[in-house]
Amino acid sequence: MPLLAPGVLHVATTKRDNAFLVDGDDGLTLVDVGWSSAPKTLLDVVAERRLKPTEVKRIVLTHAHPDHVQGAAELRRLTGAQVVIHRDDADWLPVGRVPAHGRSGALGRIIDRLPMLHWTPFTADRTVTDGELIDGSDGLRVIHTPGHSPGHIALHHEPSSTILVGDAVFHRGELALGPAALAADPSLRVESLTRVPADIQAIGFAHGAPLKHAGVDAFQQFLARLRQPPATTTS
């Protein structure tokens with residue numbers, strides 16, 4: 001499995017979806033799970049490292065969308081890990097699907113009716129807030145980045161200056177914010193990204209290839225373009 005940064009392992013759960021295993025003070029912290037098929041893939045990676053499933057101590061969800069949480073209840077059962085999520089998304093987990101108010105566009109609300117996009121209802125073991133350092137994670141700092149969902153978070157791995165951005169930014173061939181119709185409040189996304197630290201060395205995306213080295217400059221340039229005010233015209 002490719003190492004994104006010291007202590008941060010990138011795990012592709014499908015060809016389009018990623019999770020990250022972070023070495024912590026008391027075991028492993030998993031950032032996001034994925035679809036219902038993801039637990040097997042993730043535990044295979046844990047086994048390749050000659051570790052037991054119980055070494056996964058916590059599962060931190062960047063947000064409550066099916067491609068991040070569908071396998072979470074099963075993985076918690078198999079590992080005994082605590083599930084952690086921002087308090088503003090926590091109420092979605094027991095519902096078993098994204099509620100209608102969780103998408104800004106009609107297309108998003110329509111696809112959320114599909115049973116294949118639902119998950120086994122469950123309740124988080126605890127919630128986190130902005131700025132919190134996650135206990136036992138060896139330096140994962142919560143950055144609240146609402147927009148894609150109300151409780152969307154990025155995670156700053158401070159020891160390696162790595163940022164795990166969840167769905168705040170997509171990297172499917174190019175850097176992008178993702179479809180507005182699938183976001184809860186698209187208008188918040190750019191402002192949220194102003195909170196990403198400037199001195200990062202690596203970026204992990206829930207969707208798309210991670211970036212390191214020169215790719216970090218491209219990421220910062222992308223953020224700078226987003227922040228530029230729209231051009232005005234004079235008559």
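Predicted model: local features only at pLDDT ≥ 70, side-chain atom pairs only at ≥ 80, totals over all residues.
Student: Which element gives the largest share of the largest nonpolar core?

Tutor: This core holds 30 residues, and L30, V33, I59, L61 and L93 touch the most other members. Two or more residues come from each of several elements, including strand 2 (8-12), strand 5 (56-60) and helix 3 (72-79). The largest share, 5 residues, is given by helix 1.

Student: Which residues does L61 touch, not counting residues up to four places away in sequence?

Tutor: L61 is one of the core members that touch the most others. With residues up to four places away in sequence left out, L61 touches D32, V33, H68, V69, V83, V84, I85, L93, F122 and I153.

Student: How many residues does the other core have?

Tutor: A further core lies apart from the largest one. Among its members are I163, L177, I200 and F222, and its residues number 18.

Student: How are helix 1 and helix 3 oriented to each other?

Tutor: The axes of helix 1 and helix 3 lie 9 Å apart, and the helices pack at an angle of about 40 degrees. Angles under 35 degrees would count as roughly parallel, and those from 65 to 115 as roughly perpendicular. The two helices are therefore oblique.

Student: In which kind of crossing does helix 1 pass helix 3, left-handed or right-handed?

Tutor: On the helix 1 side, P39, L42 and L43 meet E74, L75, L78 and T79 of helix 3. By class, this contact has 5 nonpolar, 1 polar and 1 charged residues. The crossing of helix 1 past helix 3 is right-handed.

Definitions and conventions. Residues numbered from 1 in each chain as written. Heavy atoms only, no water. Core = buried A, V, L, I, M, F, W, Y, C linked by side-chain atoms within 4.5 Å. Buried < 20%, exposed > 50% of the residue type's maximum accessible area, 1.4 Å probe, protein only. Helix = DSSP H or I, 4+ residues; strand = E, 2+ residues; numbered from the N terminus. Contact = heavy atoms within 4.5 Å. Axes fitted to C-alpha atoms, helices over the stretch in contact; angles between N-to-C directions. Parallel < 35°, antiparallel > 145°, perpendicular 65-115°, else oblique. Left-handed = near helix turned anticlockwise from the far one by under 90°. Nonpolar A, V, L, I, M, F, W, Y, C, P; charged D, E, K, R; others polar.
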